[in-house]
Amino acid sequence: MNTSEERTDQKRCCTFLIEDTCFAIESDNVTEVLQRGVINKVPLASPAISGLLNLRGRIVPAIDLRVFLEYPATPHSIKQISLIVDISNEWYCFLVDKLLDVKAFDPHQVVPPTNNSSSALTGVLPDTDHLIHFLSPEKILKNLLDIRTESLSVG
Amino acid sequence: MADNEEFISEFLIEASENLDQLDQDLVALEKNPHAPDRLASIFRTIHTIKGTCGFFGFTKLSNLSHHGEHLLGLLRDGTINFNEQLASLLLELVDAIRTFLSSIESTGKEGDAAFPDLCQKLDAACLSVDTPSINRREERVASPTESTNQSNQHDDHIVSAHDEDPVSSNDQAKADNLVSAQSTDTSKNSGSTRASNSIDATIRVDVQLLDTIVDLVGELVLARNQLRTTATDEPTLLDAVNRIHTVTGELQEVAMKTRMAPIEQLFNKFPRIVRDVAAACDKKVNLHIDGSDTELDRTLIEKIRDPLTHLIRNAIDHGIESTDVRSAGGKSTSGEVSLRAFQESGQVTIEVSDDGAGISVDAVCKKAVEKGLVTDDAASGMSDERIFQFIFEPGFSTANAVTDISGRGVGMDVVRTNIESIGGTIDISSQRGVGTVVRVRIPLTLAIIPALIVSSGGERLAIPQPYIQELVALRKHGTSHRIDGLEGAPVLRLRDRLIPVVYLDRWLGLRDWKKRPTSGTVVVVKVDSHEFGLVVDAVTTSENQHSHATETTGLWFIVVKAISSLLAPMGIYSGATVMGDGSVVLILDLRGITMAADIPAHTRRAGDLQSTSEGLSEVIKESARYLVCETHYGRRVAVPLNQVQRLENFLQSEIDPAGDSCFVKRDGELTQLIDPDRILHTSEKLEKEPTNSSVVGVILPHELGNKAIAVRRIIDVETGHGSLEKTTTKSGLLGTLLVGDSATEVLDIIAASQWSEESPLS
């Protein structure tokens, strides 16, 4: 009984590290994983937007999750990894420190965040040795758009 | 059922094309009723629609077209003569059928509208004219028409046409009709032969599929370019790379062609529109269409539909005069509107011209001044074309607009915005009493645009070519091309103009604001009426041979790709392109930058130096300190101190008269002397003044050129009090102000410098 329920409800997620924290996004829309390639800057864009990369002729915006999550700037020693995510037919690249694994999980066990619903954090899942912080790519994009509007209206 | 849906969608496409054709045919018939071949083709179209509807079970539509068909049958056989009422009635029928079709398209059902009135009118039209006609003929006509109605619904056009043939040949009265009817048949036959051939030669393809092909080819091109950059010395590989290069190039060209379509499909809508608008305005208008085979990007055709419709409506409604006025003016009673398209230097030009009343330059000018878009003085120096540009200003024409142009401006700003959004331009030329020509220039395609690649602060950026006016190299020394601060805002002095500049690197946050570069290039761009310069480090010519962007005269042809919806709202990038080395280059959205960088609109619109004059007069009101001087004829004048660069003494002997002006040599360059007495109309020429052996030159800021105000002596520097009284309309004088303890005339430095330069003083 228990196992069948798990099977129907289970989802898969991509887990990755930023500094020492484990994050995850649902892997349904992750189309590929690459080494960080050449990223061309977009002047005046929100700092979390590292720039644009050319992925087989498609122009894909790259979002540095370190910057977005307000971690210190990426040290040179880290070779970032690009997660390419398809969000309603537009491709986005999320830069992370290190890719961990693709895991199956039960969404019911994810504990929703306590208060700040506006944040991109959708929940936390206790795992064997650490907590997995779930991020919603859609919410990240929405946040970035909101930040941008604010900064422009000030400037 | 699925099959049925497919047939229905085919039927809908075909029927709507045929209806467009009907519009044209009916309008043409109205002009020239003796064209039995057209009538026959109209008849066939309606007949086919009726037949197909019956097949699909759309009884209401079938019934309606049956009524129409009956009337058309009578018309075709000459039982009834074609006239305007019938044309309107039949056009009404066409619209009604369209209503049905759109209902079928959206809901799959024919809808509730049955148009009983229209059916009645159609029947009435048949009867009313039937009565006087010979009974015998009526019978004959009626029966074959009926037989056609009952005939197999799969009837081919040609078969049905043949069915009708005996009727027309029996018709004794219409010998010539017979001939043309037969010729119609042959033409129809040859037409259908062509059609059946073209079934093999052309197919309908989903537009999205074509776009995907174009996109894929674009990616192939990029891959090819990358391949070329890494090509080795291996001869066989090199050979293959070269062949891939050639084939990809050709493939790209062919793929781009699939996006192109003749403008005909748009132009064909206009005869009907012209007819309707002319009828509504109670005017007679002939439409001439030329160059409808001109090809341009399919997506662009869709985008110019509304602007062109607007322009044509305007031409008829406001351009063409009423019949009375026309005949009084010695013109033919029917107005001529012409629509012309042609390709010209990589762009498509579309002209909408009319032979109507034309636009009054004075009226536009007056309105523009009223609206505060321009000052009187500035407008007087402007060309007619430039003045007509005011018509495109938002809300230019309002209810209380001058009647000559009222309505002319309604929506014209929208027209311009639409045209410019696709990288086009629009201008008007008009001659009072002769007519107006509106010229729209648009690029052939939006997928590949010519652009300049510039580097700024270590980044490469693309500037679309249509906005670029000129490139100016900045020099370290010399006054010719220098950037100066004018009250904090940097400006470039270019010939007689002051152009605001934006340091692209700093504006984009790529470098800090502290040091101002003295070298580089200014790309002078114009967006609407905002003209400004973008200071960049360098313009990239295609040294990189491997780039896919073909280089001609410094321009690159870049493949435009959409940037993410994450970045599009920034409003400063309109897209991006991938260069040969695989790097991404952003395309600047100049329209957005104009707004974001707060480029003054009015100043540019007002044009030339007048613009800054407005800006400066603001400064003058605030500036409290004035240099008070005495002119040679003893007038007391004041110059705002912040507009004085320095003072210099000149000897009379140093002054060289040249033409109407006087010059002195300073630092190896000529400085023009401006005599305030002449501006104030108080004196003769400067060099004739004998009483003084020396002249004091008040040197003006170099934004205004090498100019100096020549006075007899400097009285003092004093503070102004109160507000500036506009006591004069004389150009060159701002007004009178209490400076020190006496009323003093304040010189308008900018107008003065412009004045002496442009108008010979008399």
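Start by selecting B:Gly372, which sits just after helix α15 of chain B and takes a positive phi of about 75°. Helices here are DSSP runs of H or I with at least four residues, strands are runs of E with at least two, and both are numbered from the N terminus. You are looking at a predicted model, in which local features need pLDDT of at least 70 and side-chain atom pairs count only at pLDDT 80 or more, while totals for chains, interfaces and linings use all residues. Residues are numbered from 1 along each chain as its sequence is written, chains are lettered from A and ligands numbered from 1 in the order in which they are written, and side-chain values use heavy atoms, with hydrogens and water left out.

Now step back into α15(B) itself, residues 361–370. Which of its residues are buried? Color B:Val361, B:Ala363, B:Val364, B:Cys365, B:Lys367 and B:Ala368. Buried means under 20% relative accessible area, exposed means over 50%, and partly exposed lies in between (1.4 Å probe, protein chains only). Show α16 (376–380) and α17 (384–388) of chain B as well, because both are included in what covers those buried residues, where contact means heavy atoms within 4.5 Å.

Next, stay in chain B and select B:Ile203, B:Val205, B:Leu209 and B:Ile213. Together they make a nonpolar surface patch with about 370 Å² of accessible area. Accessible areas come from the Shrake-Rupley method with a 1.4 Å probe, and for residues only the protein chains shown count as cover. Patch members have over 30% relative accessible area and no salt bridge; like charges are joined within 9 Å, and nonpolar side chains (Val, Leu, Ile, Met, Phe, Trp, Tyr) within 5 Å. Zoom in on B:Leu209: this residue belongs to helix α9 (residues 207–229) and is partly exposed, at 49% relative accessible area.

Time to cross to chain A. Display both chains and look at where they meet: 24 residues of chain B contact 22 residues of chain A. On the chain B side, pick B:Leu566, B:Met570 and B:Val584, which lose the most area to chain A and together account for 32% of what that side buries. The two chains bury about 2000 Å² between them, 68% of it on carbon and sulfur atoms; buried area is the accessible area (1.4 Å probe) that two parts lose on being put together, summed over both. How many salt bridges cross this interface? The rule finds zero, a salt bridge being a side-chain nitrogen of Lys or Arg within 4 Å of a carboxyl oxygen of Asp or Glu.

You will find three helices and ten strands, in the order α-β-β-β-β-β-α-β-β-β-β-β-α. Of its 155 residues, 45% count as buried.

Select strand β7 (residues 90–96) of chain A. Six of its seven residues are buried, so the strand is largely enclosed by the rest of the structure. Two strands pair if DSSP finds at least two bridges between them. Strand β6 (residues 81–87) runs antiparallel to β7(A), joined by seven bridges, and A:Asp86 has A:Trp91 as its bridge partner. These two strands form a hairpin with two residues between them, and A:Ser88 in the turn has a positive phi of about 35°.
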